[in-house]
Every structure is written in structure tokens, then in C-alpha cells.
Amino acid sequence: MKLPKLKISNGAISTIAGPILVLCIALATANSLTTYKKINLQRQASLWAVIQLDKELDDTLFDAQQYINDNIQEKQLRTSYEVLWSRFPMTIKRLHKDEILLEISGLSQLMGDVFSHVKSAELMILESSYIDKSELYNWASQLSMMAKDINQQFLQNIIPSNSEYTEKTASKVIYNAVILLLLITTFILYLGYLLITLRKERSRNLYMLAHDTLTGLHSRDFTMRAIDSACENKQAFALLAFDLNKFKAVNDTFGHHAGDQLLTHLANKFRNTLSEFGTVGRVGGDEFLWIAESDDPRIIEQQYALFLDQLKDPCIINDKRIYLHISAGAGIAADYDFHPTQLLERIDQAMYQAKSQQIKEIFWENQISNPISTKHSQSRPRVANKRVSRGDLLEYT
Amino acid sequence: MNNKKKLINIALGAVVAVVALSSLGGKYFLSTSKDKAISTTSRLSDAKPTNLKEDTLLSIQAVKNSGCNKSTELNDKALLALPQKQFVTHHSWSENAESFSGPLLEDVLDTTCGNTEKIKLTALNDYAIDMDFSQIKKYQPIVALSVNGKRLSIREKGPLWIMLPLDDHKDIAEKSMDGMMIWQLSNIKILKTEDETS
């Protein structure tokens, strides 16, 4: 059975990148530490092996000298020789385990040469009943030269802090540390990327909270908070409530899609005019609020005239022209002692009155003829839900 | 450049120390504390025993104030005359398990002094270690004369090699006893016996 391919989105990649990076850092750390430890142990073991061999060489050379001077017996020299012989395979094996040591210097080669030289004396020292002193002397002086060579190599290329061996071990450790550092840098960059993404998302969310998704005007929540804060600051402003006339009828007749187009069209008109002079928010299906920065009715009416002028252009839906009509109720915040609830109730009443009397201009709340008490404000006079004939709304082109 | 290296070494060293303490460390520290039974001494402090008999393989001397005042020289024959023990074990110098045989170290020491507590073992090349025998005794170390049925030569870490039946004692941490399993053994000094303390 064929399984559907897993589609990994960008989000999934950035989600798994974090744990993978952390894992890589952990591995790189472990690698660095083990490398460092291994190098140190290896260095110790290599040094120890060479020092031991050097000591054995010295001992054997000393015993050869002692034998030539008749101070020791053949047996002791033979034992000393055998002990020296036994050291070589161990030392060479040890050095072959040290990759860095193998890379540099001819130490390993030199070791092999010295071992060959030691082996060459096997017949002379072990097999013959009498060890020829002049032969032994020649062999020992050559061995002494070789021992010096080993010492020299050791002192120049391995032990000092500026030697090739130290440089190579250090560079190996640094190489590992650099990898670790790079991974950590990548991780930090990744965290930065995450932070930027989160900030972007946050600002997008904040924008969405403050705006109405359909019309792009301010949201109900934002508008109400803006009114509250303006009232709190006792900032002079006028509040206007708008309602699109016969919107429900358009919805019923042409469908919701047409209704949406109508609202977008209206929102554009708001944005072009009234938004310049304050804040316009969509607070309900076809209800809008304008927080006007001015509290002078004359100025507000001038600004509103600009809006009405724009509204003369019909909205064209499916090649049909629809003319929009707005009812507006207005009030001045200072008149209500910056009390938002009362102000909102009053302008609502004014707007409904404008609607019922089919007034096209702004209807100010102090013009309300039969003030409806706030207690009854909930039983707003509703527009008769009559179905509008198309002729009321449209003119066919 | 050197200073940089030093700094890196110090920094890495610190990190290694922290990690060693937390994770890898446990094992490491355990093994070092166990190693107290053995300590390596300078090779120069002991002169080679001279005037050995021609066929002596192992010489044992009790030092002054050890509670015993004897010395013995054991040759091939004397060592083979002691009860022989044989076992197969893995060890650090070979990849495969090998069969070792020879007398118990305890029996070898008993030829000179009984109830030995502390000894110094010296190899042909003057490498020497001090051993707390009272602690090691329970593992029954032997003085191996043969490996895989073949007599040990000097070239094969012989003629005498202290060997422990490591495979029989799983409680011994790996390589923790390596320092004690001295090869090319040639001399034992008895430093302390129980007789002295009692």
C-alpha cells in the first residue's frame, strides 16, 4: 500500500529545527570533550612509551659499557638486552595507535630502524658463548647515536609547546571547538528568527484584533475602547452612528455576497473621507460609528457632506447599480459629561429617528422630538421588515 | 598564540572537569580511589640486586622492621615445586582470553614470610610498584610462569608475570588492576607482615 506523502510545511521545519540543533550541539559538545580527553590520554601514553624505551636504551648501553669494563657477567647483559628487545614491539604498537604522532616526524621510522639495529645484535649477544667486546663496542656506539636521535626528535617535535605535535593536537581540539561554536551561533540565529517570526505574528494578531476582517475598518472592540479612552481623557469629540438603509433587503434579494460587496464599497467611502477626520469602526452588521475629532457641528456637517458627495456614486454589483442611503445620528461627548453609555444610547435614538423619518442629513440628538427614555431604549422602533421591491433600490443600466 | 592555546586548554579543561564530575566522572574517580592499593615508586630508589645465583628467577627479601627477617632466592625448579594454579582470563595486553599458570603469589611469599601485608614488586627494568597484599590477596593473584602452556620468555613479558583471574571477578573495574599486574618480575621486597603489628 502506498502511503500518502507527508507534506512538511515551513512551520513544521522550524519546529523540528530547534530540537535538532540542540541535539547537534549536545553531540558536538560530547565529541569535543571526548576528542580532548582522547588526545590527552594518547599523548600521555605515547610519551610514556617513548620515555620507557629511552630508559631501556640507556640501561642496555650502560650494561654494555659495564660488560666491556668486566664489571658485570654475560647473563646480566643478556637480560638487559632481552628487556630492551621486549620494549620495542610494545612501543611501536603504541605509537601506531597515535594518529597525530604517525602524521608527523620520522619517529616511527626511526623506531623501526633502531629495532632493526637491536635485532642485528641477537646472534652476537644471545647465541654465541662469548660476547666479542669490540663488536659489542661498535654496536653500542651506533645504538648510542640512535638513542640520541630519538631524544632529539622527542625534544624538538613532541614535547615543546611550539612543536609540530602540540600544534597538531591543539588544531584538532580547536577544529572541534569551532564546529561547536558554529552550531551554537546557528542556534542563536535560529532563536532570533523565531523571535522575529513571533513578533510579526503578534503584530498581525494585534492588527486583526483592531480591525474588521471584511471591511478593514476598525473593529467593534477597538472602536468601543477608543470611545472609552476619549471619554476618560475628556477629549472633545463628537460621536456619530450610521446605519445602511435597507441593507437587509439587499441581502435578501441579491444574497450575502452582494451584501458583503456593498459593505466593502461603503467602507471605502468612509476611508476616503471620514477616516481622515477621526476613527470609523464597524460595530454591527450594517452599523458604523464615527468618532469625529471635531466637536463643532458645522465642521462635522461639512466633513459629512464630502462623504455624501462620494456616496452619490452607485455600487455596481453584477452590472446593476445600487445607490446607498445612510441614516446618521450624532451627539457631542461634552454634552453628556463624557459618559459613553448615555452618549451611545442617545445617538442611537437619533439615528433611528433619522431612519424612520428618512432624513438624509445628520440628525443631532438634541433635535429628537419625542425623547425616548433610556429604560425603553432597548425596544427601539424597528423599521418594518418589508421586502423592498427592486425598483426602490436599483436602476437598471 | 601560546597564550591562546593555553586559554583554550584551560576553558576546555574546565568543561571536561564539569562533565567528568557529572557523567563520565563516577567511574573515573572510583577507579582512582581503588588504585590506592598500588603505588608506583621511582626506579632509581632501588639498586639492582647483585650477586644473583646463576639460575635465580625471583629473589625475595624481607626488609628491616617488616616483622620478618628472611630472604629467599627461587629458581625455576622451586617455583614449579609449589602448587600450580591455572586459569583462563582476558587482560589488557591481548585481545583474546589466554590461559595462565603458575604458583599463587601468596604461596610464593609464604616461602619467605607468612601473613604478608605490604610488598614492593620490582621488574627486570627496575619498574617497581608497592602493593597492599592484604587487599589484593582475595583475588588470588598468581606468579605466572606459562601462557597458553608455553613458558614465558623475557620478550613475552616473562619470565614471571603477576596475573589475576580477572574474568572470575566481575567487581574489578576494567584496567584498574593493570598497574599491579607487573611483568618481567624479578624481585619482591616484603615491607610489612601481620606479625609486626600483632
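What follows is a working chat about a predicted model with chains A and B.

Trainee: Ground rules before we start?
Mentor: This is a predicted model, where local features need pLDDT of at least 70, side-chain atom pairs count only at pLDDT 80 or more, and totals for chains, interfaces and linings use all residues. Residues are numbered from 1 along each chain as its sequence is written, while chains are lettered from A and ligands numbered from 1 in the order in which they are written.

Trainee: How many helices and strands are there in chain A?
Mentor: Chain A has 13 helices and eight strands. Helices (H or I, at least four residues) and strands (E, at least two) are DSSP runs, numbered from the N terminus.

Trainee: What share of chain A counts as buried?
Mentor: 26% of its 397 residues. A residue is buried if 20 or more other C-beta atoms lie within 10 Å of its own, exposed if 12 or fewer, and partly exposed in between, with C-beta atoms placed from the backbone.

Trainee: And what about contacts in chain A between residues 24 or more positions apart?
Mentor: Such pairs account for 70% of the contacts in chain A with a separation of 6 or more. Two residues are in contact if their C-beta atoms, placed from the backbone, lie within 7 Å.

Trainee: What is the strand order in the five-stranded open sheet of chain A?
Mentor: The order is E2-E3-E1-E6-E7, with mixed pairing. Two strands pair if DSSP finds at least two bridges between them. E2 (278–282) and E7 (362–364) of chain A are the edge strands, each with a single partner, so one side of each has no neighbour in the sheet. Neighbouring strands are turned by 20° against each other on average, direction ignored.

Trainee: How do E6(A) and E7(A) run, parallel or antiparallel?
Mentor: Parallel, with three bridges joining E6 (residues 326–332) of chain A to E7(A). Ala328(A) in that region stands opposite Ile362(A) of E7(A).

Trainee: Which helix lies across E1, E6 and E7 of chain A?
Mentor: Helix H12 (residues 340–356) of chain A, running at about 145° to E6(A). Axes here are lines fitted to C-alpha atoms, for helices over the stretch in contact, and angles run from 0 to 180 degrees between N-to-C directions.

Trainee: Switching to helix pairs. At what angle do H9(A) and H10(A) cross?
Mentor: Roughly 140°, and the axes of H9(A) and H10 (residues 256–272) of chain A come within 6 Å. That makes H9(A) oblique to H10(A); angles under 35 degrees count as roughly parallel, over 145 as roughly antiparallel, 65 to 115 as roughly perpendicular and the rest as oblique.

Trainee: Which residues in H9(A) meet H10(A)?
Mentor: Phe247(A), Val250(A), Asn251(A) and Phe254(A), which meet His256(A), Ala258(A), Gly259(A) and Leu262(A) in H10(A). By class, the contact has five nonpolar, three polar and no charged residues. Ala, Val, Leu, Ile, Met, Phe, Trp, Tyr, Cys and Pro count as nonpolar, Asp, Glu, Lys and Arg as charged, and the others, Gly among them, as polar.

Trainee: Where does Lys246(A) lie?
Mentor: In the loop between strand E1 (238–244) and helix H9 (247–254) of chain A. Lys246(A) is partly exposed, with 19 other C-beta atoms within 10 Å.

Trainee: Which residues touch the most other members of the largest nonpolar core?
Mentor: Val143(B), Ile162(B), Leu185(B) and Ile190(B), in a core of 59 residues. Helix H1 (residues 10–68) of chain A gives the most to this core, with six residues. Another core, of 42 residues, lies apart from it, and Leu240(A) and Ile326(A) are among its members. A nonpolar core is a set of buried Ala, Val, Leu, Ile, Met, Phe, Trp, Tyr and Cys residues joined through C-beta atoms within 7 Å.

Trainee: How far apart are Leu124(B) and Gly158(B)?
Mentor: 9.6 Å from C-alpha to C-alpha, and 34 residues in sequence. Leu124(B) counts as buried, with 22 C-beta neighbours inside 10 Å. Its contacts beyond four places in sequence include Thr79(A) and Val83(A).
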